[in-house]
Amino acid sequence: PLLLPASRPHPPTYPIMTSQLPIDIHYAKLLPWLLDRRHVPATYRPALRSAHAALLAALHAVPASAHPSLENLAALPHLDAFSVNAALAGLKKSRGATTDILGRFSDPALA
């Protein structure tokens, strides 16, 4: 006689939680979407300007010989997330970044 393998039960299905699903938002509509859902405060522009000013001041405080690529970043008219990450990495290398117990940088230029 031919023996067939025992049929396995189907794996349990779990309800899909809609809060865990990824969302698809067009790039041009991302900022209004974030503002509408209050993920970003409506007064984000002054905070962003002060953060850019602090970053540019820190970039200008580092001598060009310490990290040559930082000089190119300081000349950019608009900083995006990629250039900010590159600037922070360069500042960490040039300043010898050390952090305290809470993870804050000890150098005031990086704070």
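Start by selecting L35, which sits in helix α1; helices here are DSSP runs of H or I with at least four residues, strands are runs of E with at least two, and both are numbered from the N terminus. The model is predicted, so local features need pLDDT of at least 70 and side-chain atom pairs count only at pLDDT 80 or more, while totals for chains, interfaces and linings use all residues. Residues are numbered from 1 along each chain as its sequence is written, and side-chain values use heavy atoms, with hydrogens and water left out.

Stay on L35. Its relative accessible area is 31%, which makes L35 partly exposed; buried means under 20%, exposed over 50%, and partly exposed in between, with a 1.4 Å probe and protein chains only. Now show what L35 touches, where contact means heavy atoms within 4.5 Å. Apart from neighbours within four places in sequence, L35 is in contact with V40, P41, A42 and Y44.

Next, select D36 and R37. These two form a salt bridge, with the closest N and O atoms 3.3 Å apart. The term requires a side-chain nitrogen of Lys or Arg within 4 Å of a carboxyl oxygen of Asp or Glu. A search of the whole structure finds 1 salt bridge. D36 is exposed at 56% relative accessible area, and R37 is partly exposed at 42%.

Move on to R38. This residue lies in the loop between α1 (30-36) and α2 (44-61). R38 is not a glycine, yet its phi is positive, about 60°. Its relative accessibility is 74%, so R38 counts as exposed.

Now select L55, A58, L59, V62, L70, L73, A74, L79, A87 and L91. Together these 10 residues make up the largest nonpolar core, a nonpolar core being a set of buried Ala, Val, Leu, Ile, Met, Phe, Trp, Tyr and Cys residues joined through side-chain atoms within 4.5 Å. Colour α2, α3 (68-74) and α4 (81-95), the elements that give two or more residues to this core. In soluble globular proteins, nonpolar side chains tend to be buried together.

Finally, zoom out to the whole protein. There are 4 helices and 0 strands, in the order α-α-α-α from the N terminus. Of the 111 residues, 14% count as buried. Among contacts with a separation of 6 or more, 31% come from residues 24 or more positions apart.
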